[in-house]
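I opened a notebook for this structure and wrote down each thing as I looked it up. The entries follow the order in which I went through them.

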Amino acid sequence: MPGDPPVVLVHGDDEVLMARGLDAAVDAAVGDRDRGEVLHELRDDDYVMADVVDAMNTPPFLADRRVVVA
């Protein structure tokens, strides 16, 4: 959507603050949409950058956007 940043980087040394920042960024990106329809999470240490690129290039199915967390 216009005004929404295409990429948000959450970075830091404090895991609690990073988790809060990530939650806030995801909440803002998802908004009032159904998380199950717009959110794709890659939180394991097993994913590779190709998985992130593939997720980002996959169009949303039942929503107006796709939110990818890696």
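**Entries on single residues**

I began with Glu15, which is exposed, with a relative accessible area of 68%, where exposed means over 50%, buried under 20% and partly exposed in between, with a 1.4 Å probe and protein chains only. I note here that this is a predicted model, in which local features need pLDDT of at least 70 and side-chain atom pairs count only at pLDDT 80 or more, while totals for chains, interfaces and linings use all residues. Residues are numbered from 1 along each chain as its sequence is written, and side-chain values use heavy atoms, with hydrogens and water left out.

I found Glu15 in helix 1, helices being DSSP runs of H or I with at least four residues and strands runs of E with at least two, numbered from the N terminus.

Asp34 and Asp4 are 30 residues apart along the chain, and their C-alpha atoms are separated by 18 Å.

Is Arg65 buried or exposed? I found Arg65 buried, with a relative accessible area of 11%, in the loop between helix 3 and strand 2. The side chain of Arg65 reaches the backbone oxygen of Ala29 at 2.8 Å.

Tyr47 lies in the loop between strand 1 (39-41) and helix 3, and counts as partly exposed at 29% relative accessibility. Leaving aside neighbours within four places in sequence, I listed Leu42, Val52 and Ala70 as the residues in contact with Tyr47, contact meaning heavy atoms within 4.5 Å.

**Entries on the whole protein**

I counted three helices and two strands, and from the N terminus on the elements run α-α-β-α-β. The C-alpha atoms fill a box of roughly 35 × 25 × 20 Å, taken along the principal axes. Of the 70 residues, 14% count as buried. Among contacts between residues at least 6 apart in sequence, 54% join residues at least 24 apart.

**Entries on the largest pocket**

What is the volume of the largest pocket? I noted about 1,100 Å³, a pocket being an open set of points on a 1 Å grid over the protein atoms alone, where a 1.4 Å probe fits, with protein on both sides within 12 Å along at least five of seven lines. Of the 29 residues that line the largest pocket, the closest to its centre are Pro6, Val7, Val8, Val68 and Val69, and a lining residue has an atom within 4 Å of a point.

Helix 1 (15-30), helix 3 (49-57) and strand 2 (67-69) each supply at least two residues of this lining, and the largest share, six residues, comes from helix 1. I sorted the lining into 23 nonpolar, no polar and six charged residues.

Terms used
Grid points are joined across faces, edges and corners, and a volume is the space filled by probe spheres set on the points. Ala, Val, Leu, Ile, Met, Phe, Trp, Tyr, Cys and Pro count as nonpolar, Asp, Glu, Lys and Arg as charged, and the others, Gly among them, as polar. A polar contact is a pair of N or O atoms within 3.5 Å; within protein, one must be able to donate a hydrogen and the other to accept it, and residues adjacent in sequence count only if both atoms are side-chain atoms.
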